[in-house]
Amino acid sequence: MSEKEVFDKLINIFNIVINRSVDVSKINIDSKIVEDLGVNSIGLIYLAVAVEEEFDVDMSKASLESFKTIKDVINYING
């Protein structure tokens, strides 16, 4: 799957997971998940579950704290 396709699907996931005060239209590939998007530890868990379901990947071996940017998540998904 292309980086753009993964990114677009992740935006849909972030629409559900992130704080409503963040403008999803301003998210880019270098956006920091915690600092820029305000995703907390519970949000990271929701994100991991949603990524597993959407992309059929196993997130159980991933360290969620290692995902600093959207690009990190895309790289993990595309393995």
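Author: We start with a pair of helices. H1 and H2 pack at an angle of about 140°, with their axes 10 Å apart. That angle makes H1 oblique to H2, because only angles over 145 count as roughly antiparallel. Keep in mind that this is a predicted model.

Reader: What is the handedness of the crossing of H1 and H2?

Author: The crossing of H1 and H2 is right-handed. On the H1 side, the contact is made by Val6, Lys9, Leu10, Ile13, Phe14 and Val17. H2 contributes Gly43, Tyr46, Leu47, Ala50, Val51, Glu54 and Phe55.

Reader: At what angle do H1 and H3 pack?

Author: H1 and H3 pack at about 120°, and their axes are 10 Å apart. They are therefore oblique to each other. H1 passes H3 in a right-handed crossing.

Reader: Which residues of H1 and H3 meet?

Author: From H1 come Glu3, Val6, Phe7, Leu10 and Phe14. From H3 come Ile70, Lys71, Val73, Ile74, Ile77 and Asn78.

Reader: Which residues of H1 are buried?

Author: Burial is read from relative accessible area, with under 20% as the cut-off. In H1 the buried residues are Val6, Phe7, Leu10, Ile11, Ile13, Phe14 and Val17. They pack against H2 and H3.

Reader: How many residues does H1 have, and what does H1 reach from its first C-alpha to its last?

Author: Compare the end-to-end reach with the expected value. H1 has 15 residues and reaches 20 Å from first C-alpha to last. That is close to the 21 Å expected at 1.5 Å a residue.

Reader: Now the loops. Where does Ser31 lie, and is Ser31 buried or exposed?

Author: For a loop residue, take location, then accessibility, then partners. Ser31 lies in the loop between H1 (3–17) and H2 (41–55). Its relative accessible area is 6%, so Ser31 is buried. The Ser31 side chain reaches the backbone nitrogen of Asn28 at 2.9 Å.

Reader: Which residues is Ser31 in contact with, leaving aside neighbours within four places in sequence?

Author: They are Lys26, Asp36, Leu37, Lys68, Thr69 and Ile70.

Reader: Is Lys32 buried, partly exposed or exposed?

Author: Lys32 is also placed in the loop between H1 and H2. Lys32 is partly exposed, because its relative accessible area of 40% falls between the 20% and 50% cut-offs. With neighbours within four places set aside, its contacts are Leu37, Lys68 and Thr69. Along the chain, Lys32 and Lys9 are 23 residues apart, and their C-alpha atoms are separated by 17 Å.

Reader: Where is Thr69 found, and which residues does Thr69 touch beyond four places in sequence?

Author: Thr69 is found in the loop between H2 and H3. At 15% relative accessibility, Thr69 counts as buried. Not counting residues up to four places away, Thr69 touches Ile29, Asp30, Ser31, Lys32 and Ile33.

Reader: One backbone feature to finish. What is the phi of Asp56?

Author: When phi is positive, look at the residue type. Asp56 has a positive phi of about 55°, although it is not a glycine. Asp56 is found in the loop between H2 and H3. With a relative accessible area of 72%, Asp56 is exposed.

Key:
Residues numbered from 1 in each chain as written. Predicted model: local features only at pLDDT ≥ 70, side-chain atom pairs only at ≥ 80, totals over all residues. Heavy atoms only, no water. Helix = DSSP H or I, 4+ residues; strand = E, 2+ residues; numbered from the N terminus. Buried < 20%, exposed > 50% of the residue type's maximum accessible area, 1.4 Å probe, protein only. Polar contact = N/O pair within 3.5 Å; in protein donor to acceptor, adjacent residues only side chain to side chain. Contact = heavy atoms within 4.5 Å. Expected span 1.5 Å × (residues − 1). Axes fitted to C-alpha atoms, helices over the stretch in contact; angles between N-to-C directions. Parallel < 35°, antiparallel > 145°, perpendicular 65-115°, else oblique. Left-handed = near helix turned anticlockwise from the far one by under 90°.
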